[in-house]
Amino acid sequence: MIDATPNALRRRLLMALGLAGLASGPVGAATEWSILHDDSRLGFEATQQGGEFEGRFESFSADMRFSADDLAASRFDVRIDTGSVETGSSQRDSALPNDDWFNVDVFPQATYVADTLRATDNGYAAEGTLTIRNNSHPVTLPFTWEVDGDRARMDGAVVIDRTRFGVGQGDWSDPSVAGHEVRVVVDLTLSKAE
Amino acid sequence: MIAIRNTTTFWGAGAQLLHWLMAAGIATSMVLGWVMVNLPPGAAQFQLYSLHKSLGITLLALVALRLLWRWINVTPPLPESLPRHERWLARAGHRGLYALMLLMPLSGYVINSAANFPLNVFGLFQIPNLTPASESLGEVASLLHLTFFWGFVAVLTAHIGGALRHHFVLRDNILRRMLPVRHASDDRSQS
């Protein structure tokens, strides 16, 4: 007996589309890009004792799907190795992996997953979830995306509050020691994946 | 009222202000430095470091101003009655003090620069680092900073001891001429 309720029909239809998708590539295949790490930077700007400094994560990987004409199928899925943080100061860099900061032993990765991408007046915005130390909060990243042949440039920046993610605990949560606001800067060069 | 500029008999208000402002700043900075290095790592220690660095940079600016002021003013000469070796000691001691007033903040500035820490002066403005990040340079600068500290303690002890000796034992006007008081000599010249 065929179940002919509308819901069941919709389910069957979706399943069929899904199967078709598997055959011809991912659903609504937005272009898949790979990051050229030598020309890319996942950095941040923060303050220590009121003075500004810059840092970066040396090691991160991402599944980047983006097509300006298919934003619905575009998606970012980024994994950042927190232990790869580098700020040009050996004293700072030896403190950041510790329990009070990234607690690298327990939380070796931070993630950013954005399923909703939309066009804005100045470019695009990714609405995603940033997870650091198992603390997840929505983060909207405004960015520009410029394609040049097989290459693309992505530039974006967003200010987050480090204490919401538990980065810098105890005495370190004092803003005069290290400012709460951290500006995350995404500066990527990508090439179309084969 | 004392004049702003030095005369041949006493230090003017400009030199006195710089002298006593720096005296207070140097004493505070030394106490801060000693306390902060003995604190456990944490927010309190960070804040004292921050204050110590801001104060040090301020003292560096003040000593530059002070050297300039000294250069464009007459220096009240030492009393004729002073024996030669004491003159020599006084001159060497004062040169040592000026050298240390420069070297203390400079070596501290290098420690901070070599650690690649940002330096924001009293939360007002950020100054650039002097050197690239370097652990070995930081160690050398730390050792120098501590050595200069003990040198400073020694020369300051002689400086203060000498001033007190002049005032209470020799009973001359060496200390008085660095104090905002009327001097017997200018009373005569003004009235």
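Reader: On what conventions does the reading rest?

Author: This is a predicted model, in which local features need pLDDT of at least 70 and side-chain atom pairs count only at pLDDT 80 or more, while totals for chains, interfaces and linings use all residues. Residues are numbered from 1 along each chain as its sequence is written, chains are lettered from A and ligands numbered from 1 in the order in which they are written, and side-chain values use heavy atoms, with hydrogens and water left out.

Reader: How many helices and strands does the secondary structure of chain A come to?

Author: Helices (H or I, at least four residues) and strands (E, at least two) are DSSP runs, numbered from the N terminus. Chain A has two helices and eleven strands, in the order α-β-β-β-β-β-β-α-β-β-β-β-β from the N terminus. Chain B has five helices and two strands, and its elements run α-α-α-β-β-α-α.

Reader: What percentage of the residues in each chain is buried?

Author: A residue is buried under 20% relative accessible area, exposed over 50% and partly exposed in between (1.4 Å probe, protein chains only). Of the 194 residues in chain A, 41% are buried; of the 191 residues in chain B, 40% are buried.

Reader: How many salt bridges does the structure hold over all chains?

Author: A salt bridge is a side-chain nitrogen of Lys or Arg within 4 Å of a carboxyl oxygen of Asp or Glu. Over all chains, the structure holds twelve. One of them joins Glu45(A) to Arg183(A), with the closest N and O atoms 3.2 Å apart. Glu45(A) lies in strand E2 (residues 41-48) and Arg183(A) in strand E11 (residues 181-192) of chain A, so the pair ties together parts that are 138 residues apart in sequence. Glu45(A) is partly exposed at 32% relative accessible area, and Arg183(A) is partly exposed at 36%.

Reader: Which residues do salt bridges with shared partners join into one network?

Author: Asp77(A) pairs with Arg75(A), the closest N and O atoms being 3.6 Å apart; Asp77(A) is buried at 16% relative accessible area, whereas Arg75(A) is partly exposed at 33%. Arg153(A) forms a salt bridge with Asp155(A), where the closest N and O atoms are 3.7 Å apart. Arg153(A) is partly exposed at 30% relative accessibility, as is Asp155(A) at 34%. The network formed through shared partners consists of Asp63(A), Arg75(A), Asp77(A), Arg79(A) and Asp115(A).

Reader: Where does Arg177(B) lie, and which side chain of opposite charge is nearest to it?

Author: For charge, Lys and Arg count as positive and Asp and Glu as negative, while His and the chain ends are not counted. Arg177(B) is in the loop between helix H4 (135-169) and helix H5 (184-190) of chain B. This arginine is buried yet has no salt bridge, and the nearest oppositely charged side chain, that of Asp172(B), is 7.9 Å away. A polar atom of the Arg177(B) side chain does, however, lie 2.7 Å from the backbone oxygen of Pro77(B).

Reader: Which residues line the largest cavity?

Author: On a 1 Å grid over the protein atoms alone, a cavity is a set of points where a 1.4 Å probe fits but cannot get out, and a pocket is an open set with protein on both sides within 12 Å along at least five of seven lines; lining residues have an atom within 4 Å of a point. Grid points are joined across faces, edges and corners, and a volume is the space filled by probe spheres set on the points. There is one cavity of 30 Å³ or more, and the largest cavity holds about 40 Å³ of space. Its lining consists of Gln49(A), Ser50(B), Lys53(B), Pro118(B), Leu119(B) and Asn120(B). Helix H2 (43-71) and strand E1 (119-121) of chain B each supply at least two of the lining residues.

Reader: How many residues line the second largest pocket, and which lie nearest its centre?

Author: This pocket, of about 1500 Å³, is lined by 45 residues, with Ala90(B), Gly93(B), His94(B), Leu97(B) and His159(B) nearest its centre. Helices H1 (13-37), H2, H3 (84-114) and H4 of chain B each give two or more residues to the lining, and H4(B) gives the largest share, twelve residues.

Notes: Polar contact = N/O pair within 3.5 Å; in protein donor to acceptor, adjacent residues only side chain to side chain.
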